[in-house]
Amino acid sequence: MSVTYLEAIRAAQEKALQDDPNVFLYGQDIGRFGGAFKATKNLAEKFPGRVMDSPISEDAMVGLAVGAALEGMKPVVEMQFADFSTVGLNQMLNHAATTYWRTGKPCPMVLRLPSGGTPGSGPFHSQSMETIYSHYPGLVVMTPATVEDAYTMLLEAIGMEDPVVFCEHKLLYYHLKADALPGEALPAFRARIARPGRDVTCVAYSAMVHEALAAADELAEEGHEVEVVDLRTVKPLDTDTLLGSVARTGRLLAVGESWPWGGASAEVVARVASEGFELLDAWPRRVLSCWMRRRSGSMRRTRRFRIIRICGRRTGRRQ
Amino acid sequence: MATRTAGTLARPTAPKRQDPTEKLGRSMLRARLVEDKLGSLYRAGRIVGGVYLGRGQEAFSAAGGLNLRKGDVYAPLIRDMAGRLAFGEPLVDAVRTYLGSRLGPMRGRDGNIHRGDLELGILPMISHLGAMISAAAGALLAKRMRGEKQRVGLACAGDGATSTGSFHEGLNLAAVEKLPLVVMVADNAYAYSTPNSRQFACTDLLERARGYGVEGHGLDGTDPDACLEMVGRAVQRAREGAGPQLVVGRLLRLCGHGEHDDAFYVDAQVKGSSRGRDCLQVMEELMKKRGRAKEWGEWREEARAEVEEAVMQVSKEPVPDPFEEQWRATVTPGAVEEVAEE
C-alpha cells in the first residue's frame, strides 16, 4: 500500500472537508469530473454542494474566494494550471493579500497551483509562479517536495488565517510515493535538511529537491558531501536553517525551476550574502531554468548535470 | 491602546421607522454636506491623498443602501457616500478614514474611499474596478452554504467598470450560481474623462442584462422617486430568489473624477440635459410640491450639525503611531519575515 503525492493532496482536501464545515472547494472541472489531474476525484459525491465547478473565470474564482473567506468560510480554489492563475492575479495580490493589513480581519483561503514543467507541457502549462506571489506582502507561499509535506502542509494551509498559495509540482503527482500518510508534520515555515553533508549547501524546493538529491548521490561517489536543504515554504523563508547549513559547509548553491531573474533562489543568495557573508568560502551560485526553454525531462537532466558540475568543482575540500 | 469607538455619532440622529422618502432625503443630504466639507478640507490641505465625490449620484446610491437590511452584503465604490450612510455606515467613520484617524474602520491605514466595515457587511473596495462583484458573490455563496436565507448583496459599478473583465466574470459567475446579487451601474456618462462612446458600443448598458441571463432595470438616476421604486424592486426580486439583477441608472457626475479634476471635458449639452439635473434639487422640489419643505429644511440642518460635529470630533483623534503600530500583512505567527535592511 503506497500513497502518491497527488493522493496525499486529495486526502488532505478530504480530511479538511470532513473536519471543518466551513471548507469548500472551487475550481474548473473539479466536481463530477474530479479535476484535470483528479486531485478532487470522488469528493463532489462525498461532500455534496461543497465541491463546485466554476466557470472559466480565474479573476472571479479568486474574488469569490475572498468574499467567502471574509464571511468566515475557508475556500480552497484549484487553478487548473498554475499558469492560468495570472488571470486571477489581481484578486490574489491586490485583494486577498491586502485585506488583513487594511482591515485587521483575516482572509483565510488557499490557492492550489499545479506547477512546474513536465515532458511536453509547453510554455503555458509548465510555469512556476512562486516568485510572483512571494514578492507581494500578505501571502504565504508553500512549495512541498514530498508526499508527507503535500499532505500535512496542505492541511496546515487550509487551517491558516492567511491567504496561502500552494504550489504543487505536477511532475511529482503520480511518480512520487510514500508508504503511508504521515501522522505528524515538521513545524510550519521550517526548512528541512533533506540530506546532510559538509562540503556544499544545495538549497532547493519542490521538484528540484529530488534533482539535488540525485546529484548529491552521484557526487557522493566521487567523495563530495552535498547538504541538501528543502525550503518547503519559500515565503516566509527559513533564513536560520539556511545560515546554519552554510555555516557548516561554507558554500552555497541555490536551485530553482523558475526563470533566472529574481525569484526564491535569488532571495536565498541575497539572505545568505547579506546576513552571513562571513560564512561563505566561495561565491554563491544558482541553477535555474533557461529563458523560455522548459519542455522535457532532458531539461531536468541538464539541471542535474549543472548542479553536479558546480558542486563538484566548488567543493574541492581544503586539504 | 486606543480602541475604536463610534462616539455619539454612531447612528443618525433621526427617529427610527423613517418612511423611505425621509431616509432617502436624509441620506442624500448627509452625503452631500459631508462631501462638501471633505472638498473644503481637501482644498485647505487637510487631507492626505485625493477626495472623490458622488455629487449628483446621491439619489441612486442612497436608494441602494436603504433597501438593504442587516446581514446583507454591500460593496460600494467611490461615489457611494449616500448609499453607505443609508446602509448604516456611521458618518463619523467616513470622516475618520479621510482624516486618517486610527479609530476609523481602516485604522488610518487605507485612506479615503477604500474603507469598509466587515462587521456591518460593507466590503472594503479595492481600486481595481469590477473586482468587488465576485467578492460580493462569494460572500453570498458563503451565506447560502451556511443556510442564511433571504440575504441580498449589492455591488456598485460605473459605466467604466462595465468594460473590465472582472465585471463580466463576476456577473456571469453570480448568474451561474443564481445568487441574490444586485449590480447597480451608475452610468454617469464619463469614466474619469473618457466618454461612453469610447467605453462601449451598445446603446444602453441595460441591453447587457439579457446576455448574462439576469433581470435588468433601467431608470433615470436623477429622479429620487424612480430610484426608490426601481432599486427597491430589483432588491426585492433578488431577495425573492429571482437571481442577479442589473440596475442601470442614467445620471451625471456633477464634479470631477476627484477634487483635483475640474471636469472641463464634460459636454455642455449633456450638462444642460435632464441627465445633468442635480438630484438634490429635484428632491427639494418634490418635497415642496408635497408640502414637506419644512421637513427638508430640518433634515438639512440636522445633517449640517452632524457633519460639523463629526469633523470636530475626528480632528482631535489620534493618527497611527509608527512606533506603536504593528504593520503586519499576515496573521500567522512566523509568517512575517524580518529582513535585515540597513
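Tutor: Contact here means heavy atoms within 4.5 Å, and a helix is a DSSP run of H or I of at least four residues, whereas a strand is a run of E of at least two, both numbered from the N terminus. The model is predicted, so local features need pLDDT of at least 70 and side-chain atom pairs count only at pLDDT 80 or more, while totals for chains, interfaces and linings use all residues. Residues are numbered from 1 along each chain, chains are lettered from A in the order written, and side-chain values use heavy atoms, without hydrogens and water.

Student: What makes helix H4 of chain B mostly covered?

Tutor: Buried means under 20% relative accessible area, with over 50% exposed and partly exposed in between (1.4 Å probe, protein chains only), and nine of the nine residues of helix H4 (91-99) of chain B are buried. Among them are B:Asp93, B:Arg96 and B:Tyr98. The cover over the buried residues of H4(B) includes helix H1 (20-43), H3 and helix H11 (293-315) of chain B. Just after H4(B), B:Gly100 has a positive phi of about 75°.

Student: Why is B:Arg79 said to have no salt bridge?

Tutor: A salt bridge requires a side-chain nitrogen of Lys or Arg within 4 Å of a carboxyl oxygen of Asp or Glu. For the buried B:Arg79, the nearest side chain of opposite charge, B:Asp261, is 7.0 Å away, so the rule finds no salt bridge.

Student: How do you know that B:Arg79 makes a polar contact, and with which side chain?

Tutor: A polar contact is a pair of N or O atoms within 3.5 Å, one able to donate a hydrogen and the other to accept it within protein, and neighbours in sequence count only if both atoms are side-chain atoms. The side chain of B:Arg79 is in such contact with that of B:His257 at 2.9 Å, and it also reaches the backbone oxygen of B:Leu53 at 2.8 Å. B:Arg79 itself lies in the loop between strand S1 (73-75) and helix H3 (81-87) of chain B.

Student: What is meant by the area that chain A and chain B bury between them?

Tutor: Buried area is the accessible area (1.4 Å probe) that two parts lose on being put together, summed over both. For chain A and chain B this is about 3,700 Å², 61% of it on carbon and sulfur atoms. In chain A, A:Glu71, A:Trp101 and A:Arg102 lose the most area to chain B, together 22% of what that side buries.

Student: Why is A:Lys105 said to form a salt bridge with B:Glu119?

Tutor: Their closest N and O atoms are 3.4 Å apart, which lies within the 4 Å limit, so the pair qualifies.

Notes: Lys and Arg count as positive and Asp and Glu as negative; His and the chain ends are not counted.
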